[in-house]
Amino acid sequence: MSAERIMRPLSVDPTKLVVSGLLLMVCVIGAAFNERFATWTNLTNVIEQSAALGFVALGQTLVVVAGGIDLSIGALVSALSVMIGFAGQAYPEWMVAIILGTVAAGAAVGAVNAAAVILLGVHPLIVTLGTATILNGLTLIVTRQPAGSVPEWVEGFAYGRVLGFPVAGLLMFGCFVLAGFWLTQYPSGRRLPAVGGSPEAARLSGLPVRKTLVVAYALSGVGAALAAIYFVARTGTGDPLVGEPLTLASITPVVVGGTILGGGRGSVLGTLLGVFLLATLNNLLNYLGVSTFLQWVVQGLIIITAVSLHVERRRDA
Amino acid sequence: MSGNAIFVPASKAPEIRANRPTEVLILLGFLAMLVGIAAVLSPAFLSASNLRDILVQAAPLCLVAMGQAFVIMVRGLDLSVGSLMATVAVLATAFDASSNLMIPVIFAACLAFAAVVGLASGLLVTERNVSPFLATLAMMIVLQGTRFAYTQGSPSGRLPDGFRVLGTGQFIGIPINVIVVVVAAVFLGLLLHRSAVGRRIVTVGGSVRAARLVGIRHKRVILLAYVISSLMSGLGGLFLVGYVGVVDNWVGRGFELDSIVAAIIGGVALSGGVGTVAGALLGALVLVVIFNIVVILGLPVEFQLIIKGFVIVFAAAIHIRRTSAR
């Protein structure tokens, strides 16, 4: 493997530089205004708390690169968290199997999304919106309040530390590294942008378009499953509403990181930078005592700014 | 390359338009079937008072869905409608007026505000090439944040009593908000199907490039669609407040999804250029009747979500079959 190949996931483009610059700026401002901001404790907290967003944003990136969009993520996170809660309460001794089953269930829902997109020929936005609505309904019929419980050791997934580094954060980094290499180095991963750029061209050049789509959506489901496990580990219970904000939140870091809605182009590293930018910014705004309400305004403005900057660049290119 | 075409490869855009009158007739048949089912399940459903209640209840969604149809027609999507409805409602209470004479002023201010919001979304789409999904998503979040920051969580402020009359009152036996829906439907229907502007909307939705080549100023057409959608959301928000009787920060929550579902049931294609105002209107009615059937059956309200989910996917699938089979 040549050095150039290894560096490919890290390839630098203006978008990543801009996002990194913004991230640096937020950190400098934070360090200047609050002495507790630039501490190891705070850094690990930010990383730990961004894990759930990281998992779902990574899955969303893969789907978007493949030309789709997944609006079922939030509902899936809620549904799976409730599932873990109930299953964990009934069979605490089978917890490992339950966790594996959750990941499989997430992948299965993703595969169903892909199948509906392929077989019905319906726009992914509509399909995943439909799945989300159905999952929400089912989850809320099962329970309207947080319910169920899991054995205490599961908490380690959220609060545990390895050499002072949060477990959830490590797992998130691991997923990003794997996905980054897969997407840029391996034929099966490099099909994603090809299929997203032009399904027709991909089909004509003999790429397995359907299989690629199924894999992308299934991995998005896996991301949702990991986020669900993280939430259950953090709160110790299944919550039917926990995932709701995640659907739209998962899209923000993706577009901030320079992945283009519509498919064909995108970067896992960009998404990771996007996740960190949003997480540190929220952290900073919290330290500065800015209300949640105004944080929403900031988030909206970030989307607008980021997207219109990227688009301008794409047009020049 | 156009930012609006995002999500939909040009090659997938339906080449031939579905036959509009047939489409509307099928929808009418479907609606009649649903009403029939409801009547069998509960004879009280067909009583004049219940039917009137359903129409009154459906009115705000009808207004928003017709506006949403315009944006979808030009290959867009308006996710900000629900947030805009609530923001307009909060804006209406900001006048803290008790005199009914203020109602026209409140309406004018709210609709002007809505128009500005639509213009902003539209400009992001046309001038900055932002995908409609993101532009209106960002707008939704910004409006939500601004609204909460202004109300500090719970709106105070009064509304004139006349609002309640607009939302629930009658004029010569017909509910006022139903009259508003009919007037709006006729106006928007004429605009879309019988005017030069409407033909431009259809052309731009079919192919931005083709529209540009025949000299249509496509950006203006797209802007107009977003402004129409926002105006209809503003109107829908004001009438919804009149119907519900209270303003809170979440008035209109879920309307973004419901209005899109209604438009899709009504045969408006996400790929642009295909759709009717009557379809969107009937789609909204279908949705509301389905919700009512769930209530009649005594099922948990969450069943509405499950049914809605299936209906949205299959309605889209059926319309795709119908348009591509020709």
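Where in chain B is Asp96(B) found? Let us start with that residue and then widen the view, keeping in mind that this is a predicted model.

## Two residues in loops

Asp96(B) sits in the loop between α3 (81-94) and α4 of chain B. Its phi is near 50°, a positive value in a residue other than glycine. Is Asp96(B) buried or exposed? Asp96(B) counts as exposed, because it has 11 C-beta neighbours inside 10 Å and the cut-off for exposed is 12 or fewer.

You will find Leu163(A) in the loop between β1 (161-162) and β2 (165-166) of chain A. Leu163(A) has 5 C-beta neighbours inside 10 Å, so it counts as exposed.

## Chain A as a whole

Now step back to chain A, whose secondary structure comes to 15 helices and two strands. Along its principal axes, the C-alpha trace of chain A spans about 55 × 50 × 40 Å. A compact globule of 317 residues would have a radius of gyration near 20 Å, and the 19 Å of chain A agrees with that.

Of the 317 residues in chain A, 55% are buried. How do contacts in chain A relate to the sequence? Taking contacts between residues at least 6 apart in sequence, 80% join residues at least 24 apart.

## A helix of chain B

In chain B, take a look at helix α5 (residues 132-151), which has 20 residues. From its first C-alpha to its last, α5(B) reaches 28 Å, close to the 28 Å expected at 1.5 Å a residue. This helix is mostly covered, with 17 of its 20 residues buried.

## The nonpolar core

Which residues have the most contacts inside the largest nonpolar core? They are Val77(A), Ala227(A), Tyr230(A), Ala65(B), Met66(B), Ala225(B) and Ala284(B), in a core of 209 residues. Helix α12 (residues 209-235) of chain A gives this core its largest share, 19 residues.

Leaving aside residues up to four places away in sequence, Ala284(B) touches Ala58(B), Leu61(B), Cys62(B), Ala65(B) and Ala262(B). One of these partners, Ala65(B), is itself among the residues with the most contacts inside the core.

## Where the chains meet

How many residues of chain A are in contact with chain B? There are 39, and they meet 37 residues of chain B. On the chain A side, the elements giving two or more residues are α6 (95-120), α7 (124-142), α11 (199-204), α13 (246-256) and α15 (292-316). The residues on that side divide into 24 nonpolar, 13 polar and two charged.

For the complex, the predictor gives an ipTM of 0.81 and a pTM of 0.87. Chain B has a mean pLDDT of 87, and 92% of its residues reach 70 or more.

Which elements mark the ends of the confidence range in chain B? Confidence is lowest in strand β1 (residues 170-171) of chain B, at a mean of 82, and highest in helix α4 (residues 103-127) of chain B, at 95. Please read residues 1-18 of chain B with care: pLDDT stays under 50 there. For that stretch, the model has 45 contacts beyond four places in sequence.

Terms used
Residues numbered from 1 in each chain as written. Chains lettered and ligands numbered in written order. Predicted model: local features only at pLDDT ≥ 70, side-chain atom pairs only at ≥ 80, totals over all residues. Contact = placed C-beta atoms within 7 Å. Helix = DSSP H or I, 4+ residues; strand = E, 2+ residues; numbered from the N terminus. Nonpolar A, V, L, I, M, F, W, Y, C, P; charged D, E, K, R; others polar. Expected span 1.5 Å × (residues − 1). pLDDT = per-residue confidence, 0-100. Core = buried A, V, L, I, M, F, W, Y, C linked by C-beta atoms within 7 Å. Rg over C-alpha atoms; globule rule 2.2 N^0.38 Å.
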